[in-house]
Amino acid sequence: MVDCAEVFRLLSDYVDDDLRRAVCLEIEKHLENCPDCTLQVDSVKKTIRVYREASSREEMPVDIMIRLQDVLKRARTEDE
Ligand SMILES: [Zn+2]
């Protein structure tokens, strides 16, 4: 089973559809029981979608990556 810390660690890969399917399923199982992580994943997904709609580039740009890491860092700090 993945826990909250694991979800945050894998989040950027998860929203980027870059995780193995088995790991995605584990995360989705966790999200069903964890509103905090669900909110976190939603906000990151939204950030990425907004960017992708404004850009046709495939690569995640540096500024989004930095914002993402900031979100993840904050989530981790709140968790402690
Ligand atoms: Zn969680």
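User: Before anything else, what counts as buried here?
Analyst: A residue is buried if 20 or more other C-beta atoms lie within 10 Å of its own. The model in question is a predicted one.

User: And how much of the protein counts as buried on that basis?
Analyst: Of its 80 residues, 12% count as buried.

User: How many helices and strands are there?
Analyst: The protein has four helices and zero strands. Read from the N terminus, the elements run α-α-α-α.

User: Where is confidence lowest, and where is it highest?
Analyst: Helix H4, residues 62–79, has the lowest confidence, with a mean of 74, while H2 has the highest, at 91. For the protein as a whole, the mean pLDDT is 80, and 85% of the residues reach 70 or more.

User: Turning to packing, at what angle do H1 and H2 cross?
Analyst: The axes of H1 (residues 4–15) and H2 (residues 21–32) cross at roughly 125° and come within 11 Å. H1 is therefore oblique to H2.

User: Is that crossing left-handed or right-handed?
Analyst: The crossing of H1 and H2 is left-handed.

User: Which residues make the contact?
Analyst: H1 contributes Val 7, Leu 10 and Tyr 14, and H2 contributes Val 23, Cys 24, Ile 27 and His 30. By class, this contact of H1 with H2 has six nonpolar residues, one polar residue and no charged residues.

User: What about H1 and H3: how do their axes cross?
Analyst: The axes of H1 and H3 (residues 35–54) come within 10 Å and cross at roughly 20°. Angles under 35 degrees count as roughly parallel, and H1 and H3 are therefore roughly parallel to each other.

User: Left-handed or right-handed for that pair?
Analyst: The crossing of H1 and H3 is right-handed.

User: Which residues are involved there?
Analyst: On the H1 side, the contact is made by Cys 4, Val 7, Phe 8, Leu 11 and Val 15. On the H3 side, the residues are Asp 36, Cys 37, Gln 40, Val 41, Val 44, Lys 45 and Ile 48. The classes in the contact of H1 with H3 are nine nonpolar, one polar and two charged.

User: Last topic: what share of the contacts comes from residues 24 or more positions apart?
Analyst: Among contacts with a separation of 6 or more, such residues account for 61%.

Technical notes
Residues numbered from 1 in each chain as written. Predicted model: local features only at pLDDT ≥ 70, side-chain atom pairs only at ≥ 80, totals over all residues. Axes fitted to C-alpha atoms, helices over the stretch in contact; angles between N-to-C directions. Helix = DSSP H or I, 4+ residues; strand = E, 2+ residues; numbered from the N terminus. Parallel < 35°, antiparallel > 145°, perpendicular 65-115°, else oblique. Left-handed = near helix turned anticlockwise from the far one by under 90°. Contact = placed C-beta atoms within 7 Å. Nonpolar A, V, L, I, M, F, W, Y, C, P; charged D, E, K, R; others polar. pLDDT = per-residue confidence, 0-100.
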